[in-house]
Amino acid sequence: MTATLYAVPTPVPAAAGRVLASYPGEPAPPTCRTGAMLVPTCGILWGVAPGARTENRGVQALAEFERKTGRHQAIFHAYHRGIRQVFPTEQEIAISREPGRKRILLLNWKPESATWAQIAQGDRATDEFLDRLATHIRENYQERFFFAIHHEAEDQVREEPGSGYTARDYAAMFRHVVKRLRANRAYNVVTVLVHMAYVPHTTKSWFQNMYPGNDVVDWIGFDTYSYSDPGYGHGDFDELLNRRSASKPNWPGFYNWVTRRHPGKPLMVAEWGVWFSERNPDHMAEFYREVGEQISRFPKIKAMVHFETPANHKGQDSSVDSTPDALREYRRLGRLPVFQVSLS
C-alpha cells in the first residue's frame, strides 16, 4: 500500500495578515518506503498517539486527528500494561489494516506484574503471558510492528541493591522479554528502547547501564516536549532534541549523545509535542515551522510520533489545533515531502 502523497505547501496568509514562509530544504524523493525493520529507505515516518489520556483514544480519535490535520498517519501509537490482555487488539489490527489507509502499529507495554529483576530471572506469570502474546501475534498478526518495552523507565530506576529496579535490572528485563518472544517465533516484533530524554535522568551515572544490547534493540526512541513558556524546555526544534542543563555542562544533548553512542541505530521521536500556553500562544505555531526548517540537521531520525492530549497528568495540552495558526503550521509540516513514506 502506498501512503497518500502531498504537494509542498505554498505560502498562505496568516490570521494576523502576514505571509507564512514555505519551508526550505530539499524534499525527500517520492520513492521513500519502509525497508528492513521498518526503517524508511529515505524520509521519516509520521505518526500519532491520538486522544492520549482520554477515553476516546482509538478509531474515533485517530479519524478526528487525520481529519483536522489533513493527512494519513503512517504510525498509530497505543499503550498497554499488565499481563491480562494480549495485543495487538482487534481494534488495533483493524486500524493497521484499514483499506487504502494501512498503518504501522507502535505498541508500548509495561509489565507491572513483577519487578524487572524478577522478570529477567523468569517470573512464571510474566513468562506465561509472553508465551500467550507470542502465540497471539503468530496466529493473528503477521505484519511487522514496533514494540516498546516499558517506555520511559528512567522514572522508576532505583539503584539500591536488591530493589529489583536498577538500570541493569531494566536491561536484563528487556533482554529477557525479547528473547522469550523470539524463542516463540514472534519474529515480526521490531523492538524500540524508549528513553525519557530528561536531563536529570540522562546525566545519571547509571543511565548507560540501561542499554540491553544491540542484538535485542532494533530502534532507539526518546520522548521529549517543547514548553511554550520561557524556562525549562522552551526553545526551537534543536533545543528539543539536544536539551542541555547548566548544571551538567558536559552533556551534549540526547540526539548528539545517542548518535555517537549508537551510530548504527535508527532513531524515533516516540512522543513529542508542544505544551500550549495562553501566555505565549504563538510558540506552538513557531515551533512547528522550526521543525520543518531544522529537520534536515538530524538525519538519524527515521520516525516522529506526536502525542496528542487535551490534558496530561499535569493538565498540559498538546492539541495541534490549540490555535488556528498552530493547526495551519502543523498541517503544512505534515505535508512536507520528507514525511511522505510509502508503507511496503
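**Legends: pocket and cavities of the predicted model**

**View 1. Residue classes in the lining of the largest pocket.** This lining divides into 15 nonpolar, 13 polar and 12 charged residues; Ala, Val, Leu, Ile, Met, Phe, Trp, Tyr, Cys and Pro count as nonpolar, Asp, Glu, Lys and Arg as charged, and the others, Gly among them, as polar. The model is predicted: local features need pLDDT of at least 70, side-chain atom pairs count only at pLDDT 80 or more, and totals for chains, interfaces and linings use all residues. Residues are numbered from 1 along each chain as its sequence is written, and side-chain values use heavy atoms, without hydrogens and water.

**View 2. Centre of the largest pocket.** The largest pocket holds about 1300 Å³ of space and is lined by 40 residues. Arg53, His151, Glu152, Glu271 and Phe307 lie nearest its centre. A pocket is an open set of points on a 1 Å grid over the protein atoms alone, with protein on both sides within 12 Å along at least five of seven lines; a cavity is a set where a 1.4 Å probe fits but cannot get out, and lining residues have an atom within 4 Å of a point. Points are joined across faces, edges and corners, and a volume is the space filled by probe spheres set on them.

**View 3. Strand S2 in the pocket lining.** Strand S2 (75–81) is among the elements that each supply at least two lining residues, and S2 gives the most, with six. Helices (H or I, at least four residues) and strands (E, at least two) are DSSP runs, numbered from the N terminus.

**View 4. The largest cavity.** About 50 Å³ of space lies in this cavity. Its lining includes Tyr198, Arg243 and Trp251.
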